[in-house]
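Please consult the sequence and the structure shown below while reading.

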Amino acid sequence: MKKRKESAASEPGPRLHRVNEYLQKNFPDFFAEARFHVGDDDYFLYSRFGQYLARSIEANRVPRDKIYRGFTVLNKMARVSAKDPAVRRMLVSGPLEYIVDAPKAHALARKRLSATAQGYLEGLCE
């Protein structure tokens with residue numbers, strides 16, 4: 001119960017509204033299934049998205065343009081994180097952790113992520 005309260009208290013809520021819209025538009029099946037399982041908790045939504053993106057890259061089962069849109073989601077989060085430390089924590093401890101642990105995804109992230117997101121990613125590698 002305590003962990004849930006901390007997660008809810010640190011959720012950025014409306015600040016990720018546009019990122020959520022982009023995610024829902026470009027990954028409708030993923031978004032619907034993740035929302036069904038995790039509810040309105042953005043932290044777990046984006047954590048699952050990072051896991052989904054990393055697995056998709058490693059298995060080479062998703063078209064490149066869809067993978068690039070996935071990196072766009074992370075870049076949008078990085079832009080929001082510049083103004084909101086809660087989003088930065090969510091980005092670093094969620095999706096980027098999965099990217100770091102997947103070699104192909106990590107290599108592709110170095111090419112496709114914004115400078116801000118790459119800085120967070122490299123911080124995880126140290």
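## Overall organisation

The model discussed here is predicted. Among its contacts between residues at least 6 apart in sequence, 62% join residues at least 24 apart.

The secondary structure comprises 9 helices and 0 strands. The protein has 126 residues, of which 42% count as buried.

## The two sides of helix α2

Helix α2 covers residues 17-26, and its buried residues are Val19, Asn20, Leu23 and Asn26. Viewed down the axis of α2, these buried residues lie within an arc of 145°, so they line one face of the helix. On the other side of α2, Arg18 and Lys25 are exposed.

## The packing of α3 and α4

Two packed helices are described by the angle between their axes and by the distance between those axes. For α3 and α4, the angle is about 135° and the axes are 10 Å apart. The crossing of α3 past α4 is right-handed.

From α3, the residues that make this contact are Phe30, Phe31, Ala34, Arg35, His37 and Val38. From α4, the contact is made by Asp42, Phe44, Leu45, Arg48, Phe49 and Tyr52. Sorted by class, the contact of α3 with α4 contains 8 nonpolar, 1 polar and 3 charged residues.

## The packing of α5 and α6

Helix α6 is formed by residues 85-93 and packs with α5 at an angle of about 145°, the two axes being 7 Å apart. The crossing of α5 and α6 is left-handed.

On the α5 side, the contact is made by Leu74, Met77, Ala78, Val80 and Ser81. On the α6 side, Pro85, Val87, Arg88, Met90 and Leu91 take part. How many residues of each class does the contact of α5 with α6 have? They divide into 8 nonpolar, 1 polar and 1 charged.

## Two residues in loops

Asparagine 60 is placed in the loop between α4 and α5. Although asparagine 60 is not a glycine, it has a positive phi of about 55°. Is asparagine 60 buried or exposed? With a relative accessibility of 58%, asparagine 60 counts as exposed, because the cut-off for that class is over 50%.

Serine 114 is found in another setting, the loop between α8 (103-112) and α9 (115-125). At 24% relative accessibility, serine 114 counts as partly exposed, because this value lies between the limit of 20% for buried residues and that of 50% for exposed ones. Leaving aside residues up to four places away in sequence, serine 114 touches Asn75 and Ala78. Serine 114 and alanine 78 are 36 residues apart along the chain, and their C-alpha atoms are separated by 7.8 Å. Ala78 is also one of the α5 residues in the contact with α6.

How values were computed: Residues numbered from 1 in each chain as written. Predicted model: local features only at pLDDT ≥ 70, side-chain atom pairs only at ≥ 80, totals over all residues. Heavy atoms only, no water. Buried < 20%, exposed > 50% of the residue type's maximum accessible area, 1.4 Å probe, protein only. Helix = DSSP H or I, 4+ residues; strand = E, 2+ residues; numbered from the N terminus. Arc of directions from axis to C-beta. Axes fitted to C-alpha atoms, helices over the stretch in contact; angles between N-to-C directions. Left-handed = near helix turned anticlockwise from the far one by under 90°. Contact = heavy atoms within 4.5 Å. Nonpolar A, V, L, I, M, F, W, Y, C, P; charged D, E, K, R; others polar.
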